[in-house]
Amino acid sequence: MPKQPPYYDEIARALQQAQARIAALEQVSADNARIQSALHMAEKKYQQLFEHSGDAILIIDLHTDQIIEANSAAGRRFGYTPGELARLTLADLEAPIPGNADPQNADWHSAFGGTHLYETEYRRKDGSRVAVEVSSRVLHLGDRDVLLNVVRDITRRRAIEREREGLIDDLDAFSHTVAHDLKNPLSVVINYATILTDEADTISREELRMMSRAIVQGGQKLSNIVDELLLLAHVRQMEQVPLSLIDMSGIVRSALNRLELLRNEYQAQIVFPPYELPLAIGYGAWVEEIWANYLSNAIKYGGQPPVIAIGAAAESSGMVRYWVTDNGTGIAPESIPELFTQFARFTEKTIDGHGLGLSIVKRIVTRMNGEVGVHSTPGQGSTFSFTLPAALMDTAG
């Protein structure tokens, strides 16, 4: 057997050492590959979270206020492209609510180490404003301090809150009416009915006529109050208002027929315009309630006797304004802002009423895409108005 060269063992040892180093390098390479894979997965996860978040995400340089990066949700929410957002500062987006402190004040940047949650408004590219809730946090990325803002649109939440407040107002209106306005006429009815039952043999014919009349009037008041509460509930519950073409002159005649007894009692004079009232788009049952309320108030709060004028005119906005003018004592300027709130009574004159009518008018006009209005001069009467979308007449042919 040939004898191995004397340097063979050294070569073998060197080869073994080389193999061990190769194995070690391979292990390092495998570790690096795993690290690179983990980094890649983390980056991919970050991009997915960043880009597919339903909330707008902004990364802002804390010292320059410059937007460094924004996700696509931010672009959609505020109407910008990613490139446009990268040329903006946070101050370009923020539209603080008047009277509120600046939420991005530098004081809290330096003093606050956690997440700062606040509500404000941001400005879209088209100039419109959107209510937002901002979750803001200062981060340290390398040698750079940044602000991470997660911005959530709370427009829907604000609408739900307003709806809840409206429901609470309706509940207050209901409880107030039940506790006070229903109780008074009900007490009259019960008291006179009790007298008639217990003392029928000793009551004169004139007293009997007076008590019977009071019972009838009390019953009518109860019926009117219940009708208005039902209408208030109807306005609240109807999700889609069935709008259609309204024959306004016919609606007014129908409302006046309902008020015939009141007109006769006050000897009211109704002055109609020398033209047919313009057609409009609305919900007939509600529009009749508007006229009935305005006309009954004009009769009760008008002069002696009441002289009431009805009118209408088209407006350049595509709406029609309808109005009722009375010859009463007018309304003090400081009382006008409260007229369409619940339980408002707008003169010192003693008139039966329970203050729900005008608040209901405002609600139903708003639901039909219109507005209410009032103009009054003390000593010169008042004009109450409302608008509705004008009917678009086909003039072709």
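Mentor: Side chains of opposite charge can pair when their charged atoms come close. Bear in mind that this is a predicted model, where local features need pLDDT of at least 70 and side-chain atom pairs count only at pLDDT 80 or more, while totals for chains, interfaces and linings use all residues. Residues are numbered from 1 along each chain as its sequence is written, and side-chain values use heavy atoms, with hydrogens and water left out.

Start with arginine 258 and glutamate 289, which form a salt bridge with their closest N and O atoms 3.3 Å apart. This pair ties together distant parts of the chain: arginine 258 belongs to helix H9 (residues 248-258) and glutamate 289 to helix H11 (residues 284-301), 31 residues apart. Helices are DSSP runs of H or I with at least four residues, strands are E runs of at least two, and both are numbered from the N terminus. As for cover, buried means under 20% relative accessible area, exposed over 50%, and partly exposed in between (1.4 Å probe, protein chains only). Arginine 258 has a relative accessible area of 44%, so it counts as partly exposed. Glutamate 289 is partly exposed too, at 26%.

Now go to arginine 152 and aspartate 55, whose side chains meet in a salt bridge at 2.8 Å, N to O. Here again distant parts of the chain are linked: arginine 152 is in strand S5 (residues 144-153), aspartate 55 is in the loop between helix H1 (8-52) and strand S1 (56-61), and 97 residues separate them. The arginine 152 end is partly exposed, with 43% relative accessibility.

Next up is glutamate 315, which forms a salt bridge with arginine 321, the closest N and O atoms being 2.8 Å apart. Glutamate 315 is partly exposed at 30% relative accessibility, and arginine 321 is partly exposed at 24%.

Over the whole structure, the search finds 11 salt bridges. For background, the protein chain has 12 helices and 12 strands, and buried residues make up 36% of its 397 residues.

How values were computed. A salt bridge is a side-chain nitrogen of Lys or Arg within 4 Å of a carboxyl oxygen of Asp or Glu.
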